[in-house]
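Trainee: Could you take me through a close look at one part of this model? I would like the place where the two chains meet, and then how it sits in the rest of the structure.

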Amino acid sequence: MNPAPSSSATDAAPVLQAAGLRKSFLSGEGSIEVLRGVDLSVMAGESVSVRGESGCGKSTLLNLLSGLDTPDAGTLTWAGHPPRGDRRAAFLGMVFQSFYLIPELNALDNVLMAARMLKPPGAAERARAADLLARVGLAPRATHLSTQLSGGERQRVAVARALMNSPQLLLADEPTGNLDERTGDAVIELLLELCRETRTALVLVTHNAVHAGKTSRHLSLHNGVFQ
Amino acid sequence: MPWYLYLALKQLFPAGRKFPFFTAISVLGVALGVMVLVVSTSVMGGFGREIRRWTVDTTGDVQVRADGGINRPADFLAQLTKVPGVVAATPFAEGVVMLEHNLKPSYPAVRGIDVERVEAVTPLSKYIYFGKLDDLDDDSVILSSQLAAAIGARVGDKVEVYSPLLIEALKSDEAYLGRELRVCGIFEIGHQALDSSLVFVTLRTMQDLYGRRGSADGFDVKITPGLDPDEAAARINAALPPALHGHARSWMEINHDLIFILQLEQNMIFFLLTFIIIVAAFSVTSSLLISVVRKTREIGLLGALGGQPRQVAACFCFQGLVIGMAGTVTGLALGATVLTFRDNIVAAFTRLTQSEAAIERFYQFKQLPAHYSASYITAIIVCTITVCTLAGLLPAWRAARLKPVEALRSE
């Protein structure tokens, strides 16, 4: 379990570089230190799985890596630059356990929502969204509201949305947690395949050893540090 | 369209649902407030217009009176028509008489008019629905409709008229016979007080009744259309000979108190009914706050997708703006509909409460007047849209304060 990139990727600049990340939360009268100095470097096209027990800080780590939360200590860079909210839409995509599709929008518009964060979508963006939906096997369901889709279909829409802006980094937080085994396997296969094709760096938080085994690097978080 | 405006519209009018219930309720609340405001201010504006109509149509734009009367009306008329802005003028004399028909007495105000000139100043003919103005001579009278009905007089009937000279004659132990006049016309202006207690005779008849020997009480004046009546009155006052002890007043000055009270009522109604809009805006705030709570995880997602807090705030603020605009348009349409059918509505209401006569007596008008005031309609539109947009601020602030990490974690 090595937080450093594999030798095949060391000649490129890291897409994600985290050093000494620390995070603690107040609990009662004291505080709990969830992350105790996490180091992580991820290269373009690399896929990294993070496993660990429930409550060990996997989701907290993803929140720090995505810039949604700030570390108590440590440094983080996105492609060599400090993380900034206004760069998030273009730089990274996120996939969550609970999909988080917008119920008022259909599948196509949910995918296009990521593009809308950058600019009002034109024909090219619509074509790409339709293409991504076709890639995840949902072209016939493009005009269906998210409430009319099954769990697996929703997660595939979420994957397409995460890749809509061709991000350099994709963070997936237990994306198969709410899916049955067969659907979960299919979603992971799809995620890895699309990331490979587009050389998108992937950080996959999962409990599933089989899914973790399919990534190029495997990390285990224990007591707030990578083992 | 920026994503926050796009999403705001999608949240208000979700795809796949034929009837956006929450949005419709919010819009309806605002629309009802706007409708009540439009109807109330327009009816009050209508009262003002009616006062102008019956004042100008019976006494002209400006009225000139002299303390001791005008002894040479023809000479004064020549002077008056030279004043810039004066189009026409007609002399009048006023008083009160006792009028009797079939032993039914009444005590109307009587107005002596110059039949040759009066139509150039006031469109009296259009209110005469039995008989003609041209039939008015020194032995005839035109009665108001309700007065004619009260004493049972019709065109062609004879009425006895007694003036205050009767009292003077009685003091001197002289015999005084009333003047017999033929009813040559019946008019209705649409104002209860005028329609129940005013009669027209010729100026000469009025001079005879009051023993004035060729003098007039004053002149009704028509001015150039578009000219400010107060300005015209000022010009006439400047041209009046000091020896006359006369004074010209515009129709607005004559009815100053009534117009002031109506304007005050109109402003007060606008002020008070604006609170209906504010109450409706609170319901907009409440429904948007519920929306923020229901969509907490979506708001977290927007942050995760790259949305900035100010953009999330704009999304909810815009929803308030859209509700305000939709409510305003709907309210204006509802208000216009109610005003179009106002007489039917009032008739139905008065029939139901059996209060037709009381309403007419109290409000002086047979029909409910209405006048759209551009300034009030503009004020209603601006006020409603502003208040509703402000109503979105609190939910917007709440939404913008949500931290994406915590919002995504919320249950």
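**The salt bridge between the chains**

Mentor: Start with one pair. B:Lys295 and A:Glu104 form a salt bridge, with the closest N and O atoms 2.2 Å apart. Keep in mind that this is a predicted model. The count between chain B and chain A is 1 salt bridge. Side chains of opposite charge can pair when their charged atoms come close.

Now the wider count. A search of the whole structure finds 24 salt bridges over all chains. In the pair that crosses between chains, B:Lys295 sits in the loop between helix H11 (256–294) and H12 of chain B. Its partner, A:Glu104, sits in the loop between strand E5 (92–95) and helix H3 (107–116) of chain A. So both ends of this pair are in loops.

Are the two ends buried or exposed? B:Lys295 has 5% relative accessibility, so it counts as buried. A:Glu104 counts as buried because its relative accessible area is 6%. The cut-off for buried is under 20%.

Next, the contact around that pair. It takes 25 residues from chain B and 22 residues from chain A. Together the two chains bury about 2,200 Å². Of that area, 66% is on carbon and sulfur atoms. The polar side of the count is 5 residue pairs in polar contact between chain B and chain A, both residues at pLDDT 80 or more.

Which elements of chain B give two or more residues to the side that touches chain A? They are helix H1 (3–12), helix H12 (296–305) and helix H18 (404–409). H12(B) gives the most, with 7 residues. By class, this side of chain B has 14 nonpolar, 6 polar and 5 charged residues.

Now place this in chain B as a whole. Chain B is divided into domain 1 (3–51 + 258–409) and domain 2 (86–223). The centres of these two domains, taken over C-alpha atoms, are 52 Å apart.

One residue of H11 in chain B is B:Gln263. B:Gln263 has 37% relative accessibility, so it counts as partly exposed. B:Gln263 and B:Phe47 are 216 residues apart in sequence, yet 9.9 Å apart in space, C-alpha to C-alpha.

The side chains of B:Glu94 and B:Arg111 meet in one, at 3.0 Å from N to O. The pair links distant parts of the chain, 17 residues apart. B:Glu94 is in strand E2 (residues 86–96), and B:Arg111 is in strand E5 (residues 109–113) of chain B. B:Glu94 is partly exposed, with a relative accessible area of 26%. B:Arg111 is buried, at 5%.

Another pair is B:Lys158 with B:Glu180, whose closest N and O atoms are 4.0 Å apart. B:Lys158 lies in strand E8 (residues 158–162) and B:Glu180 in strand E9 (residues 179–187) of chain B, so the pair ties together parts 22 residues apart in sequence. B:Lys158 is partly exposed, with a relative accessible area of 44%. B:Glu180 also counts as partly exposed, at 44% relative accessibility.

Stay in chain B for a buried polar residue. B:Ser140 is found in strand E7 (residues 140–144) of chain B. It counts as buried because its relative accessibility is 0%. A polar atom of the B:Ser140 side chain lies 2.7 Å from the backbone nitrogen of B:Asp137. Leaving aside neighbours within four places in sequence, B:Ser140 is in contact with B:Asp135, B:Leu181, B:Arg182, B:Cys184 and B:Val201.

Finish in chain A. A:Ala201 is found in strand E7 (residues 201–205) of chain A. A:Ala201 is buried, with a relative accessible area of 0%. Not counting residues up to four places away in sequence, A:Ala201 touches several others, including A:Val15, A:Met43, A:Glu46, A:Gln168 and A:Leu170. A:Ala201 and A:Ala79 are 122 residues apart in sequence and 11 Å apart in space, C-alpha to C-alpha.

To return to your request: the crossing pair is B:Lys295 with A:Glu104. B:Lys295 counts as buried, and A:Glu104 is buried too.

How values were computed. Residues numbered from 1 in each chain as written. Chains lettered and ligands numbered in written order. Predicted model: local features only at pLDDT ≥ 70, side-chain atom pairs only at ≥ 80, totals over all residues. Heavy atoms only, no water. Contact = heavy atoms within 4.5 Å. Buried area = accessible area lost by both parts, 1.4 Å probe. Polar contact = N/O pair within 3.5 Å; in protein donor to acceptor, adjacent residues only side chain to side chain. Helix = DSSP H or I, 4+ residues; strand = E, 2+ residues; numbered from the N terminus. Nonpolar A, V, L, I, M, F, W, Y, C, P; charged D, E, K, R; others polar. Domains from an automatic or database assignment. Buried < 20%, exposed > 50% of the residue type's maximum accessible area, 1.4 Å probe, protein only.
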